[in-house]
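The sequence and the model are shown first, and the description follows.

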Amino acid sequence: MVLQAITNVRATVARARHDATTFSIRKDKTVMAVKAELKGEDMYCFLSKVVDVVMPRIKEYKGVSGGSGDGSGNLAFGLQSSAVGMFPEVEVNYDAYPPKMIPSVDVIVCTTATNDRDARLLLSSMGIPFHGKHAN
């Protein structure tokens with residue numbers, strides 16, 4: 001599984017809580033997402049790989065949107081499947097991860113900051129670039 005390879009943390013499966021017949025989703029049967037919660041050293045290692053290895057290799061990448069916060073210090077950004085393929089763990093074993101099977105990844109960074117401005121300041125000091133109009 002790609003998520004376990006790039007995060008070094010065991011991923012958990014999030015299943016559907018309710019039936020949605022229009023989308024053919026059954027309660028507790030359909031896998032909706034796979035998630036991994038990173039803390040401590042694993043979190044810093046993952047963020048450093050994203051900032052130092054993956055983000056510089058994305059063509060025409062401006063950075064994380066300035067308005068990507070939720071107002072309480074949590075920021076989110078996404079990586080497309082082509083960017084996930086640039087992680088060193090995926091590149092080394094590229095035969096094990098066919099391009100069609102590499103998913104896109106949404107990253108949510110929960111900080112101890114109380115507002116988005118402080119969270120952006122914290123993450124920009126870690127090397128994450130921001131672009132566009134900054135909310136808050």
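## Lysine 49 and its surroundings

Leaving out residues up to four places away in sequence, K49 touches I6, N8, V54, F87, P88 and E89, where contact means heavy atoms within 4.5 Å. K49 belongs to helix α2; helices (H or I, at least four residues) and strands (E, at least two) are DSSP runs numbered from the N terminus. K49 counts as buried because its relative accessible area is 10%. The classes are buried under 20% relative accessible area, exposed over 50% and partly exposed in between, with a 1.4 Å probe and protein chains only.

The model is predicted, so local features need pLDDT of at least 70 and side-chain atom pairs count only at pLDDT 80 or more, whereas totals for chains, interfaces and linings use all residues. Residues are numbered from 1 along each chain as its sequence is written, and side-chain values use heavy atoms, with hydrogens and water left out.

## The chain as a whole

The chain contains five helices and six strands. Their order along the sequence is α-β-β-α-β-β-α-α-β-α-β. The C-alpha trace spans about 40 × 35 × 30 Å along its principal axes. The chain has 136 residues, of which 34% count as buried. Of the contacts between residues at least 6 apart in sequence, 61% join residues at least 24 apart.

The chain carries 16 positive and 14 negative charges, whose mean positions are 7 Å apart. Lys and Arg are counted as positive and Asp and Glu as negative, without His and the chain ends. Each charge is placed at NZ of Lys, CZ of Arg, CG of Asp or CD of Glu.

## The aromatic pair

A pair of aromatic rings is described by the distance of the centres and the angle of the planes. The structure holds one such pair. It is formed by F46 and F87 and is stacked, with 5.8 Å from centre to centre and 10° between the planes. Rings of Phe, Tyr and Trp (its six-membered ring) pair if their centres lie within 6.5 Å; planes under 30 degrees apart count as stacked, over 60 as edge-to-face and the rest as tilted.

The pair links distant parts of the chain, since F46 and F87 are 41 residues apart. F46 sits in helix α2 (residues 41–57), and F87 in the loop between α3 (81–84) and α4 (88–92). Both F46 and F87 are buried. F87 is also one of the residues that K49 touches.

## Loop residues

S68 lies in the loop between β3 (64–65) and β4 (74–79). A polar atom of the S68 side chain is 3.3 Å from the backbone oxygen of A76. A polar contact is a pair of N or O atoms within 3.5 Å; within protein, one must be able to donate a hydrogen and the other to accept it, and residues adjacent in sequence count only if both atoms are side-chain atoms. Not counting residues up to four places away in sequence, S68 touches N74, L75 and A76.

Two residues other than glycine have positive phi values. N8, in the loop between α1 (2–7) and β1 (12–15), has a phi near 60°. S24, in the loop between β1 and β2 (31–35), has a phi of about 60°.

P129 is placed in the loop between α5 and β6 (130–131). Apart from neighbours within four places in sequence, P129 is in contact with M55, Y61, K62, G63 and V64.

## Accessibility of selected residues

Y44 is in helix α2, and R117 is in helix α5 (residues 116–125).

| Residue | Relative accessible area | Class |
|---|---|---|
| Y44 | 46% | partly exposed |
| S24 | 60% | exposed |
| R117 | 52% | exposed |
| P129 | 29% | partly exposed |

From C-alpha to C-alpha, Y44 and Q4 are 15 Å apart in space and 40 residues apart in sequence. R117 and G127 are 15 Å apart in space and ten residues apart in sequence.
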